[in-house]
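Work through the exercises below with the model open beside you. Try each task before reading its solution.

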Amino acid sequence: MKGRQVSDPANDLVQLRRTLHRIPELSYSERETSETVMGYVSRYATCRPIAKTGFIADIGPATAPKTLLLRADMDALPIQEETGLPYASTNAGRMHACGHDAHMASLAVAGRLLAEAPPEDVRVRLLFQPAEEGGGGARACIDEGALDGVDVAFGIHVWNELPLGTVALTRGGIMAGVVELGIRVIGHGGHGAMPHRTKDPVIAAAHLITALQTVASRAIAPVDPVVVTIGSIHGGDAFNVIPGVVELRGTCRGFSMEVIEDTENQVKTIAAGVAAATGTHIEIDWRMSPRPTVNDHRVAALAEAAATERMRGFGSVLRDYRTMAGEDFGEILAELPGCFALVGSQNATRGLIESHHSPRFEIDEAALQLACDLHRAVVGEVADNGIPSD
């Protein structure tokens, strides 16, 4: 290990997280963020750049029979912070409103403690990934070799929808795949007083929005949750003119690729039917990113053993908790077995209940120690008991 560590790990968790909270940067712009975290990690491991502003670092013997990837995301959101905290963002219009500062601090300190007593039977790869918030950072890291030689992956998200002391280790889909849906309804505009001489895209769009509500209620099995939401509709500029085009934007979400593909087929079938009935033309732009985050059942069970038998602090383990929020760790889990954990960071008694992506978002910092300990516990479980097989 490089140099001698003298600082207190518990203090490092809080101070590093608050330092990172002050300097939020958007996807692929995490330069100061990367320098800060790398400055800490490079004390105990050699860091290698990846995906523009990310980096990886390996701990443990290269001859180990298995390699475990631990990952933290780095980017912030384009939000003006309103917390009033003494360590609030100093970058206008930028905020760590999703907990990525906590993820980096927890993994960096966990790596330090692992490096001080490296396991003999497992090699640990730390991945500090840029651009999780819609920038395709996980895929970029994969394409540049972040998973080369890796056997299993584990990641953590602090989660303000769950109380402190709770961890979700769901078997199967835990976070949704996210589709950005764009719809263009093309008609034939004209005078509002002569609608019979038009092909009205407003009427077609209205029928389409209503019909799309049947996808979840009638086309997809009730046991397979799916969301089809239209969040934006734009068409026309005058009160007495029927426009030629109406544009819609929305999102579709589900916990498996099969359900998402079925939803895509239903949306396109409904659109074709509405177009035929209204004499319009409807174009669908279906953009999938990221994939669903689907935990391997065996690795989730391994993580539960780590959380309940190798550490303290989790009074509740949830095996079937899901959220329609998206997370690009799903790209990693599509490549190899692994588990993504949601670590409760809400503390209602302290008023820490704001949801993610809120300008008032803040976590209970006690979750930092739990996340750090869980990383280490999973490493210990893999080192002692191996990676479960079929």
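**Exercise 1.** Which side chain does the side chain of Thr 53 join in a polar contact, and is Thr 53 buried or exposed?

Solution. The structure is a predicted model.
- Step 1: Find Thr 53 in the loop between strand E1 (47–50) and strand E2 (54–59).
- Step 2: Look for the polar contact; the side chains of Thr 53 and Glu 30 are joined by one of 2.5 Å.
- Step 3: List the contacts of Thr 53, leaving aside neighbours within four places in sequence: Tyr 28, Ser 29, Glu 30, Arg 31, Ser 34, Met 74 and Pro 130.
- Step 4: Compare the accessibility with the cut-off. Buried means under 20% relative accessible area. Thr 53 has 7% relative accessibility, so Thr 53 counts as buried.

**Exercise 2.** Find the place of Ala 57, and state how far its C-alpha atom is from that of Val 41.

Solution. 
- Step 1: Ala 57 belongs to strand E2.
- Step 2: Along the chain, Ala 57 and Val 41 are 16 residues apart, and their C-alpha atoms are separated by 7.9 Å.
- Step 3: Val 41 is also in contact with Ala 57, as are Ala 45, Thr 46, Cys 47, Val 124, Arg 125 and Leu 126, when neighbours within four places in sequence are left aside.
- Step 4: The relative accessible area of Ala 57 is 0%, so this residue is buried.

**Exercise 3.** Describe the crossing of helices H7 and H9, and sort the residues of their contact by class.

Solution. 
- Step 1: Locate H7 at residues 297–309 and H9 at residues 366–385; their axes come within 8 Å and cross at roughly 115 degrees.
- Step 2: The crossing of H7 and H9 is right-handed.
- Step 3: H7 contributes Leu 302, Ala 303, Ala 305, Ala 306 and Ala 307 to the contact, while H9 contributes Leu 374, Ala 377, Val 378, Glu 381 and Val 382.
- Step 4: In the contact of H7 with H9, nine residues are nonpolar, none is polar and one is charged.

**Exercise 4.** Where is Asn 347 found, and which side chain does its side chain touch in a polar contact?

Solution. 
- Step 1: Asn 347 is in the loop between strand E16 (338–346) and H9.
- Step 2: The side chains of Asn 347 and Thr 349 make a polar contact of 2.5 Å.
- Step 3: With neighbours within four places in sequence left aside, Asn 347 is in contact with Leu 352 and Asp 364.
- Step 4: Asn 347 has 15% relative accessibility, so Asn 347 counts as buried.

How values were computed. Residues are numbered from 1 along each chain as its sequence is written. This is a predicted model: local features need pLDDT of at least 70, side-chain atom pairs count only at pLDDT 80 or more; totals for chains, interfaces and linings use all residues. Side-chain values use heavy atoms; hydrogens and water are left out. Axes are lines fitted to C-alpha atoms, for helices over the stretch in contact, and angles run from 0 to 180 degrees between N-to-C directions. Helices (H or I, at least four residues) and strands (E, at least two) are DSSP runs, numbered from the N terminus. A crossing is left-handed if the near helix is turned anticlockwise from the far one by less than a right angle, and right-handed if clockwise. Contact means heavy atoms within 4.5 Å. Ala, Val, Leu, Ile, Met, Phe, Trp, Tyr, Cys and Pro count as nonpolar, Asp, Glu, Lys and Arg as charged, and the others, Gly among them, as polar. Buried means under 20% relative accessible area, exposed over 50%, partly exposed in between (1.4 Å probe, protein chains only). A polar contact is a pair of N or O atoms within 3.5 Å; within protein, one must be able to donate a hydrogen and the other to accept it, and residues adjacent in sequence count only if both atoms are side-chain atoms.
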